[in-house]
Amino acid sequence: MEASVIHARLGLLIRLVDTSTGAAVEEREIQFLADGERVRPAPRGNGCFVFINTERTDFRLTVQVVGFESYSTDVRFEELDDRIPTCDIFLIPSEKNAKGESVIGIFGNLPLLEALEAVDVNRPLCRFSDFTEKTRKMTVIKQAGRVLDMDYGHYGLLAADGKSYEKIVVSGMDRNQALILKEPLAQPFTVNAPISRVVFGSVNDNGDYLLRVRDDSTNLRYLVRYIVSGEVRFQEVDFHDPATWKLALDRRTEDE
């Protein structure tokens, strides 16, 4: 009797992340919708879920998790890795989150707003040391007594004046803990420039926006990066100072 061989093909890997902490979301009450229909990807632990032997056809994915805001995105397979197509879902904690932890946020409406995110300017994960363009490897200065964990993937490298940052995507680390970037740096940086994790906000088609962080420090000063009509802008926000919360409509407003 011939032995049968069963081949399994990964359709899609979904990774759920709490954007306010960078930790995996492991709540049990989760619903996944594909084009409005409920689906059940298999859990794999550490916030990961997989579709096995499914067609790689583009669809609208909605994720609803207790303690977090609902999240929807268009899954386009041509934009994903063919070997391990991965969709990272960065969830915003709700005001009444499941763990009862305090959060604080900014919200409002800005016409033609396309994207919103921020980095903590006071608590960097590490600092820039050197970058080799040919290999896309970045060496960093680690924080004393802390393990360097860059699995979150999305970070901001702050400029010397502290008024802007360059987005970087870390695709891996080598044996010497040098970071391997998905794309080369667009501009040079000085040694000791802070590197902080990106906290993602949400924006709908009407320009309504929301960004929340954990209320876990007396100093909650963040540099917000937002895009209006294709133009990248930056604004400093102190989450403990409501006067700084409203995103500026134009640069003249920011400078007044």
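In strand E8, Leu-91 stands opposite Asp-18. The model is predicted.

**Strands and sheet**

- Strand E1 covers residues 10-18, and strand E8 covers residues 86-91.
- E1 and E8 run parallel and are joined by six bridges.
- Both strands belong to an open sheet of four strands, in the order E4-E5-E1-E8.
- The pairing within this sheet is mixed.
- Strand E4 (42-45) and E8 are the edge strands, and each of them pairs on one side only.
- On average, and with direction ignored, neighbouring strands of the sheet are turned by 25 degrees against each other.

**Aromatic rings**

- Seven aromatic pairs are found in the structure.
- One of them is formed by Phe-90 and Tyr-152, with 5.0 Å from centre to centre and 55 degrees between the planes, and it is tilted.
- This pair links distant parts of the chain, as its two residues are 62 residues apart.
- Phe-90 belongs to strand E8, while Tyr-152 lies in the loop between strand E12 (137-142) and strand E13 (154-158).
- Phe-90 has a relative accessible area of 9%, so it counts as buried, the cut-off being under 20%.
- Tyr-152 is also buried, because its relative accessible area is 5%.
- Through ring pairs, Phe-90, Tyr-152, Tyr-155 and Phe-200 are linked into a cluster.
- Tyr-152 has a charged neighbour as well: the charged end of Arg-197 sits over the ring of Tyr-152, at 4.9 Å from the ring centre.

**Largest pocket**

- The largest pocket holds about 2,000 Å³ of space.
- Its lining is made up of 48 residues.
- Closest to the pocket centre are Tyr-71, Cys-87, Asp-88, Phe-90 and His-154.
- Elements that give two or more residues to the lining include E1 and E8, along with strand E7 (71-75) and strand E10 (113-120).

Methods. Residues numbered from 1 in each chain as written. Predicted model: local features only at pLDDT ≥ 70, side-chain atom pairs only at ≥ 80, totals over all residues. Heavy atoms only, no water. Phe/Tyr/Trp six-rings, centres within 6.5 Å; stacked < 30°, edge-to-face > 60°. Buried < 20%, exposed > 50% of the residue type's maximum accessible area, 1.4 Å probe, protein only. Lys NZ or Arg CZ within 6 Å of the ring centre and 35° of its normal. Pairing = 2+ DSSP bridges. Axes fitted to C-alpha atoms, helices over the stretch in contact; angles between N-to-C directions. 1 Å grid on protein atoms, 1.4 Å probe; cavity = no way out; pocket = protein on both sides within 12 Å on 5 of 7 lines; lining within 4 Å. Points joined across faces, edges and corners; volume = space filled by probe spheres on them.
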